[in-house]
Amino acid sequence: MALRQIREIGDACLTRVCKPVKEINKRTLDLIDDLFDTMYDAEGVGLAAPQVGILRRIAVVDTGEDNQESPLVLINPEILEVSGEQTDYEGCLSVPGKVGRVTRPNYAKVKAYDTEMNEYIVEGEGLLARALLHEIEHLDGHMYVEKVNGPLITNEELAEILREQEEE
């Protein structure tokens, strides 16, 4: 459909709580298509509506993992259960060129609605759990930078850290 401008950290839209979707219409379906187009163009694994300036509880996720039911459309998602712990580098399309170490649950169970407003449950571990929780936080006006353990680093600095770890 169309690429939308991704709002960046500091934009007030990213700190607002989004409103629930009550019905699906053409504008909503167009937004979902645009979210996917924008996410794929930016090489992300998830994108939430407030990241393109729309304060609705809609997010899309596609981790590219074979075990994921993908791509996922999350309308009015709710976290039902989390467990475990993982710490890894995390980035965000709204914080371009930067990553930080974030600790999150390793497992997440989420209830959401699809494009026909049918309720479904998605469960994920690892990257999928991280992506689900990251995108849902956007819908509540929060960003991963609030959870970073240590400094934000550039993608180049991360590549150097990973190279050094491989050499050890």
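Strands are DSSP runs of E with at least two residues, and they are numbered from the N terminus. The model used in these exercises is predicted.

**Exercise 1.** Find where Met117 lies, and decide whether Met117 is buried or partly exposed.

*Solution.* Begin with the position in the chain: Met117 belongs to the loop between β6 and β7. Next, look at the backbone, where Met117 has a positive phi of about 60 degrees although it is not a glycine. Finally, take the accessibility: a residue is buried under 20%, exposed over 50% and partly exposed in between. Met117 has a relative accessibility of 27%, so Met117 counts as partly exposed.

**Exercise 2.** Which elements each supply at least two residues of the largest nonpolar core, and which one gives the largest share?

*Solution.* Start with the core itself, which has 17 residues; among those with the most contacts inside it are Val61, Leu72, Tyr120 and Leu132. The elements that each supply at least two residues are β2 (58-61), β3 (72-83), β6 (107-113), β7 (119-125) and α2 (127-139). Of these, α2 gives the largest share, with five residues. There is also a second, separate core of 14 residues, which includes Phe36, Ile58, Val73 and Tyr113. As background, nonpolar side chains tend to be buried together in soluble globular proteins.

**Exercise 3.** Work out how β5 is paired with β4 and with β8.

*Solution.* Take β4 and β5 (residues 98-104) to begin with: these strands pair in the antiparallel sense over six bridges, and one example is Asp88, whose bridge partner in β5 is Val102. They form a hairpin with six residues between them, and Gly97 in the turn has a positive phi of about 80 degrees. Then turn to β8 (residues 153-154), which runs antiparallel to β5 and is joined to it by two bridges. In β8, Thr154 is the bridge partner of Lys98.

**Exercise 4.** Describe the surroundings of Glu90, and say with which side chains its own side chain makes polar contacts.

*Solution.* First place the residue: Glu90 lies in strand β4, residues 86-91. With a relative accessible area of 5%, it falls below the 20% limit and is therefore buried. Next, follow the side chain of Glu90, which makes a polar contact with the side chain of Arg104 at 2.9 Å and another with the side chain of His134 at 2.6 Å. Lastly, setting aside neighbours within four places in sequence, the residues in contact with Glu90 include Lys98, Val102, Arg130 and Tyr144.

How values were computed
Residues numbered from 1 in each chain as written. Predicted model: local features only at pLDDT ≥ 70, side-chain atom pairs only at ≥ 80, totals over all residues. Heavy atoms only, no water. Core = buried A, V, L, I, M, F, W, Y, C linked by side-chain atoms within 4.5 Å. Buried < 20%, exposed > 50% of the residue type's maximum accessible area, 1.4 Å probe, protein only. Helix = DSSP H or I, 4+ residues; strand = E, 2+ residues; numbered from the N terminus. Polar contact = N/O pair within 3.5 Å; in protein donor to acceptor, adjacent residues only side chain to side chain. Contact = heavy atoms within 4.5 Å. Pairing = 2+ DSSP bridges.
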